[in-house]
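Here is a short briefing on a structure. It covers aromatic contacts, helices and a surface patch.

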Amino acid sequence: MQKTASYSTNKTRTFELILSAMCIALVFVATLMLNIKLPITANGGLVHLGTAMLFIVSILFGPKTGAIAGAFGMGLFDLVSGWTMWAPITFVSRGLQGYIAGKIAWSNGRKGNSIGINLLATIVSMPPMMAVYYIGEGILYGNWIAPVASIPGDLVQNMLGLIISIPVCAFLKKIPAFK
């Protein structure tokens, strides 16, 4: 009997590891494949589909997987795409955003099944993500006014993510594998 419990635990951990790795890859590829550099400030900023994928992962699989996928997926993008100095900031901000969105979407046993709560989850996760980027940019550039120019791009990116993720999650939740 004890071997069965151990086997079941190992099987669950293996599944969680594979799921996390796949979600990291999805966030990374969504960020890498379609991104537009914004001409707003000197450092620009990006609008990409990684935010939508981060929201989808957080809503479908919960806060832990959302945090891991956001932190590692977008952090890895920064490392390989010339935004290296942003990687630690991205790791913290996107990990926090994925955790918050997943925690709210999965609160009270909902498991991402409420469109209204999922919408709330994505909206509530935006200010902390933007605050971490603001503080990080302020520290990087030694200027607390310049990061204000990045806020419109952050809002556009997050709103695009919200507009894409909520209908996609509503559709996917109808599929038995995601219920």
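Trp86 is buried in this predicted model, because its relative accessible area of 7% falls under the 20% cut-off. Trp86 sits in the loop between H3 and H4. Ring pairs join Trp86 with Tyr133 and Tyr141 in a cluster.

**Aromatic pairs**
- The count of aromatic pairs comes to 4.
- One of them is Phe72 with Phe91: the ring centres are 5.0 Å apart and the planes stand at 90°, so this pair is edge-to-face.
- Phe72 belongs to helix H3 and Phe91 to helix H4 (residues 87-105), so the pair links distant parts of the chain, 19 residues apart.
- Phe72 counts as partly exposed, at 43% relative accessibility.
- Phe91 is also partly exposed, with a relative accessible area of 36%.
- Trp86 and Tyr133 form a tilted pair, because their ring centres lie 6.2 Å apart and their planes meet at 45°.
- This pair, too, links distant parts of the chain: Tyr133 is in helix H5 (residues 115-141), 47 residues from Trp86.
- Tyr133 is buried, with a relative accessible area of 13%.

**Helix H2**
- Helix H2 (residues 50-61) has 12 residues, which should span 16 Å at 1.5 Å a residue; the end C-alpha atoms are 16 Å apart, in agreement.
- The rest of the structure largely encloses H2, because 10 of its 12 residues are buried.
- Among these buried residues are Leu54, Phe55, Ile56 and Val57.

**Helix H3**
- Helix H3 (residues 63-80) has 18 residues.
- From first C-alpha to last, H3 reaches 25 Å, close to the expected 26 Å.
- Its buried residues include Pro63, Gly66, Gly70, Met74 and Phe77.
- Asp78 is buried in H3 too.
- Just after H3, Gly82 has a positive phi of about 90°.

**Surface patch**
- Val29, Leu32, Met33 and Leu34 make a nonpolar surface patch of about 380 Å².
- Val29 lies in helix H1 (residues 2-33).
- Val29 counts as partly exposed, because its relative accessibility is 41%.

Technical notes. Residues are numbered from 1 along each chain as its sequence is written. This is a predicted model: local features need pLDDT of at least 70, side-chain atom pairs count only at pLDDT 80 or more; totals for chains, interfaces and linings use all residues. Side-chain values use heavy atoms; hydrogens and water are left out. Helices (H or I, at least four residues) and strands (E, at least two) are DSSP runs, numbered from the N terminus. The expected span of a helix is 1.5 Å times one less than its number of residues. Buried means under 20% relative accessible area, exposed over 50%, partly exposed in between (1.4 Å probe, protein chains only). Patches are made of residues with over 30% relative accessible area and no salt bridge: like charges are joined within 9 Å, nonpolar side chains (Val, Leu, Ile, Met, Phe, Trp, Tyr) within 5 Å. Accessible areas come from the Shrake-Rupley method with a 1.4 Å probe; for residues, only the protein chains shown count as cover. A salt bridge is a side-chain nitrogen of Lys or Arg within 4 Å of a carboxyl oxygen of Asp or Glu. Rings of Phe, Tyr and Trp (its six-membered ring) pair if their centres lie within 6.5 Å; planes under 30 degrees apart count as stacked, over 60 as edge-to-face and the rest as tilted.
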